[in-house]
Protein chains: 2
Amino acid sequence: MALRDVDEQIRPEDFAGELARASAAHVRGLIRAGEITGHTGGMALGRMQGNLAILPADLALDFARYCQRNPKPCPLVGVSETGDPMLPTLGEDIDIRSDVSSYNIYRDGELADTVTDITDLWRDDLVTFVLGCSFSFEEPLLADGVPLRHLEEGYLVPMYRTNIATTPAGPFSGPIVVSMRPMPMAEAIRAVEVTSRYPMMHGTPIHIAEPAAIGIDDIMQPDWGDVPVIRAGEVPVFWACGVTPQAAVRAAKPPLCITHTPGSMLITDLPSGRPAGHAV
Amino acid sequence: MALRDVDEQIRPEDFAGELARASAAHVRGLIRAGEITGHTGGMALGRMQGNLAILPADLALDFARYCQRNPKPCPLVGVSETGDPMLPTLGEDIDIRSDVSSYNIYRDGELADTVTDITDLWRDDLVTFVLGCSFSFEEPLLADGVPLRHLEEGYLVPMYRTNIATTPAGPFSGPIVVSMRPMPMAEAIRAVEVTSRYPMMHGTPIHIAEPAAIGIDDIMQPDWGDVPVIRAGEVPVFWACGVTPQAAVRAAKPPLCITHTPGSMLITDLPSGRPAGHAV
């Protein structure tokens, strides 16, 4: 998998973009009009951005089960009605056929095309799933003063396949993929406290220290992202990562699956970290 | 709806039962053998007890969507494979055909029968849903010293229909039903802190004080349960309640729906309040 297949690409400059203070609806309007075709990191700060998986209805119940059984890597924040391209539970006037800046079209698990609109591919049997992603995840950590080395140094967060299996559902299975951030143990403990409030952005870490305990042989050889900088006195802290369901969906080889292009997320109207239905 | 239709029936004596310290598997064995046929409140303390809804597969995706969209009244803790009576994500050797002490059989939304085993009713197209319930919900409040009047006084917790609609999915819709516990405002604030850690047991309250704001005209006339005792200086605190999905399922009038008989819950192996998948 190349770097372009990876979502966790927030860079320091993303937090200073001119669209950071724009509303989600404004940014989606620019995307729908074709004026934004790339990366959405740092746009509409404070609004939940989500990973996208569009599947035929005959796989939808299995995928819903997969998300229910694996809430840390697959936090399910929205599901459309079958055949309905709108997502009223995630925001006003969201049309999933046009409101993501770039889509990957997979056929039988293979990337067949990358497009900026899927109106002509839409079918009456498609179901849209939106999963929480880590784009908003680092905001509360930064606000709390937890140091994030990859932002300080300007590298991509490293990701690793673990030896922890997800709980399968129908054709969906595979290992949990984690992202890693190094920090002193006291900060890691604080990071657990902070992220415990955000179950829809992968929640608390799945492991701290001892990479070998989760099947990572060499922390300096990530499967995706950049080689980390780990200083003396620091431990690696591992969070479940959105690459997990992406890999599970591709491995299931559905006849058709449409995802966002990595980095080009759906920007919802929901506050970051708050799932639909938690307003009441 | 009569009192027997209501789950929230914990009484003070439930916390002193001789099966309180038994394992979940031990209690399920007694249920499977027909030695327990009633109420499971207070048994296998510390293990999550769940509400049951078994539906034909053609309604399962809609019901999964309904739970996803309404996590406070409908916290989804487990979903079976289609046609498979076992629930490996919730515990060892759980056979949903025999491991609940009493089942209600609904046909077209009407109660058709109450039985202690559904083996002869099982079909290849049935899907089991298990939802978090409030049986374990009051343990952490009690442990924290939050006063619970209905336990002190020995009455059933009162429940009310609100004017807050759930977010519909397919044929499933209806108002949020709430349970109410009166306490001083300082205790209510603490109760929010405590219950925020238990999203799978209805989580934080949906409203505090001012019953009229959520469509409750007379707090002394609950729709289910007993008339409350509210003392000077206390505010009513309202939590979403498991009667919500029960009412939504019945109103949808599925050809077949099997639920637990109120009070006769599925006892899982999961620690109270921790959903499947949160161990990793």
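Before I describe any sheet, let me say that two strands are taken as paired here if DSSP finds at least two bridges between them. Please also keep in mind throughout that what we are looking at is a predicted model.

With that in place, I will start with chain A, where 4 strands form an open sheet in the order β6-β7-β9-β8, with antiparallel pairing. The edges of this sheet are taken by β6 (159-165) and β8 (207-208) of chain A, and each of these has a single partner strand, so one side of each is left without a neighbour in the sheet. For β8(A) that partner is strand β9, residues 234-240 of chain A, and the two are joined in the antiparallel sense over 2 bridges.

Helix α6, residues 243-252, lies across β6, β7 and β9 of chain A, and runs at about 160 degrees to β7(A).

Turning to chain B, we find 4 strands in an open sheet, in the order β6-β7-β9-β8, and the pairing is antiparallel. Here β6 (159-165) and β8 (207-208) of chain B stand at the edges, and because each has a single partner strand, one side of each is left without a neighbour in the sheet.

As for the helices of chain B, α5 (residues 185-195) lies across β7 (175-184), β8 and β9 of chain B and runs at about 130 degrees to β7(B), while α6 (residues 243-252) lies across β6, β7 and β9 of chain B at about 160 degrees to β7(B). How many of the 10 residues of α6(B) are buried? It is 9 of the 10, so this helix is largely enclosed by the rest of the structure; among the buried ones are B:Gln246 and B:Arg250, together with B:Val243 and B:Ala252. Just after α6(B) comes B:Lys253, which takes a positive phi of about 50 degrees.

Further along in chain B is strand β10, residues 257-260, which pairs with strand β1 (residues 47-56) of chain B in the antiparallel sense over 2 bridges, with B:Ala53 standing opposite B:Thr259. Strand β10(B) is also joined by 4 bridges to strand β3 (residues 103-107) of chain B, and these two run antiparallel; there B:Tyr106 stands opposite B:Cys257.

Now to a place where the two chains meet. The axes of helix α2 (residues 57-69) of chain A and helix α2 (residues 57-69) of chain B come within 10 Å and cross at roughly 40 degrees, which makes α2(A) oblique to α2(B). The crossing is left-handed. Chain A contributes A:Ala60, A:Leu61 and A:Ala64 to the contact, and chain B contributes B:Ala60, B:Leu61 and B:Ala64, so that the residues divide into 6 nonpolar, no polar and no charged.

A:Asn51 has its place in strand β1 (residues 47-56) of chain A, and with 24 C-beta neighbours inside 10 Å it counts as buried. A:Asn51 and A:Val130 are 79 residues apart in sequence, yet 5.5 Å apart in space, C-alpha to C-alpha. A:Asp93, in turn, lies in the loop between β2 (76-79) and β3 (103-107) of chain A; its phi is near 60 degrees, a positive value in a residue other than glycine, and A:Asp93 is partly exposed, with 13 other C-beta atoms within 10 Å.

Definitions and conventions:
Residues numbered from 1 in each chain as written. Chains lettered and ligands numbered in written order. Predicted model: local features only at pLDDT ≥ 70, side-chain atom pairs only at ≥ 80, totals over all residues. Contact = placed C-beta atoms within 7 Å. Axes fitted to C-alpha atoms, helices over the stretch in contact; angles between N-to-C directions. Parallel < 35°, antiparallel > 145°, perpendicular 65-115°, else oblique. Left-handed = near helix turned anticlockwise from the far one by under 90°. Buried ≥ 20, exposed ≤ 12 C-beta atoms within 10 Å, placed from the backbone.
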